[in-house]
Amino acid sequence: MTSVERGLQTARKVVTFGEIMLRLSPPGLERFLQSPVLSATFGGGEANVAVSLAHFGCESVYVTALPAHAIGEAALHALRAEGVGTDHIVRRGSRVGIYFAETGASQRASTVIYDRAHSAISELSPDSIDWSAVLSGAAWFHVTGITPALGPNAAQATARAILAAREAGARVSFDLNYRRKLWTEAEAQRVVGPLLRNVDLVVANEEDLQSVLGIEVANTDVAAGHLAIEGYTHAAERVTTDFGPRMVAITLRESVSASDNGWSALLWDADAGTMLRSQRYDVRVVDRIGAGDSFAAGMIYGLLAERAPADALRFAVAASALKHSIPGDFNRVTVDEVDRLARGDASGRVQR
């Protein structure tokens, strides 16, 4: 670990903004209510990133809105237990968003059902957060396309947060994270495009590029394992040219089945004019929810730690490969565990 990385906890503050939800899931690989039991945990795109970064040793601050009742309090406790700062969370509204998650297996796909209408964050006034105070001393700000999809108030708050981050001198990452259950492609393209003018790093997959930015990846089929790097390079160049971000990270999931995936990523570095390709893992999926968030957190950590872009990409892919093995939204792994895998130790041996 470098001296820069040792100083991350005190010198590198990262702020994330989004919705944390109550996650309700049946036991193991059961269908919904096959047993009259649902386990309750918490998760959500930006909260997942915040937790990963806290485990990596960063000062991780999360901003959201939560009701001042027992479920809202439980969400706060869940974040604090993972080392995430919650001092700027707004306590108002009446609902915590809920999602039901059924884990797939073999040829049966996973299923997610949302129940998040009128959640606290969707009704949050854009003026409710003092972003200059929240972002004071921050080195990085992260948000996803899920947040502005929650409604006009959340979209305005996202725009204000990104501008405040830029004014504070923080770098900004935006995970496109398209959710068709929340908004249409036309709505996403209208809202997200202008936001990217003040973004440094975009995180996406092939579908996100098409749905959110209207950029197609030519001559490629990830599911079939046919990856035409030139198609991704052209698409990433368009993101830089049309919208502004200098880095574009693209995750590549090859779905053999719900249980077995190939996992890798690409990183377009516009300043160097290079497209970097990561190592590839064959992963046995325990829980894929949060994998993209753990990848984004790995990229943020690697770049904050001043690792070379290729090394940051390698770290991010290893971190997200490990997330596939952990139930729940949160990626509870350390920098050392990720680095061991990134160096090539995928043996699964007991570490003594």
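I looked up the bridge partner of leucine 22 and found isoleucine 98 in β7. This is a predicted model, in which local features need pLDDT of at least 70, side-chain atom pairs count only at pLDDT 80 or more, and totals for chains, interfaces and linings use all residues. Residues are numbered from 1 along each chain as its sequence is written, and side-chain values use heavy atoms, without hydrogens and water.

I then noted that β2 (residues 21-25) and β7 (residues 98-102) run parallel and are joined by three bridges. Strands here are DSSP runs of E with at least two residues, and helices are runs of H or I with at least four, both numbered from the N terminus. Two strands pair if DSSP finds at least two bridges between them.

I traced the open sheet as β3-β2-β7-β8, four strands with mixed pairing. I recorded β3 (39-43) and β8 (111-115) as its edge strands, each pairing on one side only.

I turned next to helices α10 (residues 291-304) and α11 (residues 309-323), which pack at about 150 degrees with axes 7 Å apart. Axes are lines fitted to C-alpha atoms, for helices over the stretch in contact, and angles run from 0 to 180 degrees between N-to-C directions. The angle makes α10 roughly antiparallel to α11 (the term applies over 145 degrees).

I listed the residues in contact (heavy atoms within 4.5 Å): among them are Phe295, Met299 and Tyr301 in α10, and Leu313, Phe315 and Lys323 in α11.

Key. Angles under 35 degrees count as roughly parallel, over 145 as roughly antiparallel, 65 to 115 as roughly perpendicular and the rest as oblique.
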